[in-house]
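Hi,

Here is the structure I promised to pass on. Have a look at it first, and then read on for what turned up.

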Amino acid sequence: FVASEVAPFAKTGGLADVAGALPKALSEMGHNVVVVMPRYYAIDKSKLAHIEGSLCVSMGFMGELWAGVYSSKLPNSDVLIYFIDHEEYFGRGGLYDHFGEAYMDNDNRFIFFSKSIFELCKMIGFKPDVIHANDWHTAAVPLLAQTRFGQDFSDTATVLTLHNLEHQGIIFKGAMDILESGWEHFRPEAYESVGHVNMLKGGIAYADAVTTVSRRYAQEIKTSEFGFGLESHIRAHAYKLFGILNGVDYSEWSPQKDDKITSKYSSKDMKGKLLCKRDIQKYFNLEQRDDVALIGFVGRFAKQKGIELVAEAIEGLLAQNLQIVMLGAGEKWAEGFFSHIAARYGGKFALHVGYSDDLAHKIEAGSDMFLMPSLFEPCGLNQIYSLAYGTLPIVRKTGGLDDTIENFDEASNRGCGFKFESASAHALYHTVMWGVQTYYNNPKAFKEMQKRAMGMHFGWDDAAQSYDDVYRYAIYKKRVSKLQ
Ligand code: ADP
Ligand code: GLC
């Protein structure tokens, strides 16, 4: 299982949550799983085991580069994780960028990482049945498994998971020389995208199976609205595309066990949730009021997350009887804009610009509702975490948000959140106010909804079973292709 980020070692988003949890669930099913990621600067070497020897990675005309290897285990498991250590490529502050500016050599960094995975397997004498790659960073793996490393890994099938179609790894075509797999793969049905190399496109073409992280998103990416230009390519490969919803690592995200929140609670005893609300009101200098509807937001400040809709609606919302707290970082205009709002609406609105796992947990626990108005959302994890904390999600009807949140229906008293369809500030405003009015005027239904939400289960065990099916499909396909 190979990924550019794995929680808790390095994380910028949901990919890390998935990579830190799915391998554990697969291992519990009996699979022998090995995880591989880069050893970024922030990962303390002294806490890892050093593996004797070095990997020699050929990088085309750049020659051979050498890498060190470290290992550890995923927390609370026996799953081995290997770290590829290369000072020049990974010994930097950021994973992909320097304060928002993407590193110029991300192409070489991740081709190097993808190749090092095969060299590592050779070094430790491991011939996997399947290599499961994730997103564009490791999307070279399917091609490499068939070409450059085809002889040594002739029985290894590949699966590529698409966590986000927006980031495709579109790079200079000279990357074909670094891939050392032959220029015949630089064609529009494979790696070529208008004169450039498109890593994700190539990965989709060569993987034995492709998955994405919800059923709805697996359908959406076949359309021009969500395909980011790859829709026809995806339609051509739809026969091997599967939608598998992400799960939740409940050892990390459940109010009964969470050490990061001020008071633990459960659906049977919700007293602790009120203490968590007071805790964030205090931390963020909001008015100390038990009776006000408090809405949380945690996420990257990116267009994807509907941040522009929030910006447009925020002053109208803050004119109402409610509080909003936001945690996030990303686009500079948004950081500036919301800081300005925080200065103007102190006591009602608060913001933390930056990344803080502790605060993310505190906001999940202490808020009454959680706002996630994404324009597109392959799966989305925070709305599912919110359910576990009895924090009712307010979401847009797209991707995984639509698959996981059933809309509140007052007549039948069903549902566990508030959904809207139109990607407009107007729809967002009215749906937030629907939630807020339900909180004030129909507390019985609100509390029942919280209980229903907390009783829902999105375990990794179910998802791991579906991946098991996909792995078997990929292995079968690989074997059949060898016979042809
Ligand atoms: P995405 O991967 O698109 O960012 P997800 O909802 O799948 O969205 O996952 C986001 C993950 O990153 C969640 O675990 C969320 O708590 C975390 N996260 C996002 N922004 C922050 C932040 N500023 N501080 C702490 N955690 C964050
Ligand atoms: C991506 C998506 C998000 C998904 C996560 C993990 O970053 O944006 O929707 O939950 O990957 O699969």
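Ligand 2 has 14 residues around it, the closest being His163, Asn246, Glu377, Cys379 and Gly380; a residue gets into such a shell if one of its heavy atoms lies within 4 Å of the molecule. Bear in mind that this is a predicted model, where local features need pLDDT of at least 70, side-chain atom pairs count only at pLDDT 80 or more, and totals for chains, interfaces and linings use all residues. Residues are numbered from 1 along each chain as its sequence is written, chains are lettered from A and ligands numbered from 1 in the order in which they are written, and side-chain values use heavy atoms, with hydrogens and water left out.

Back to ligand 2. What does its shell consist of? Six residues are nonpolar, six polar and two charged (Ala, Val, Leu, Ile, Met, Phe, Trp, Tyr, Cys and Pro count as nonpolar, Asp, Glu, Lys and Arg as charged, and the others, Gly among them, as polar). For polar contacts (pairs of N or O atoms within 3.5 Å), a polar side-chain atom of His163 sits 2.7 Å from an oxygen atom of ligand 2. Asn164 also has a polar side-chain atom 3.5 Å from a ligand 2 oxygen, and for Pro378 a polar backbone atom is 3.5 Å from one. On its own ligand 2 has 310 Å² of accessible area (Shrake-Rupley method, 1.4 Å probe), and the protein covers 92% of that.

Both domains take part here: domain 1 (14–247 + 461–483) and domain 2 (271–457) each give at least three residues to the ligand 2 shell. Those bounds come from an automatic or database domain assignment. The domain centres, taken over C-alpha atoms, are 33 Å apart.

Now ligand 1. Its shell holds 22 residues, with Lys11, Gly14, Asp17, Arg300 and Lys305 the closest, and splits into seven nonpolar, nine polar and six charged. The side chain of Asp17 has an N or O atom 2.8 Å from an oxygen atom of ligand 1. From the backbone, Leu381 places a polar atom 2.9 Å from a ligand 1 oxygen, while an N or O atom of Ser356 is 3.0 Å from a ligand 1 nitrogen. The protein covers 93% of the 560 Å² of accessible area that ligand 1 has on its own.

Cheers

Note on methods
Polar contact = N/O pair within 3.5 Å; in protein donor to acceptor, adjacent residues only side chain to side chain.
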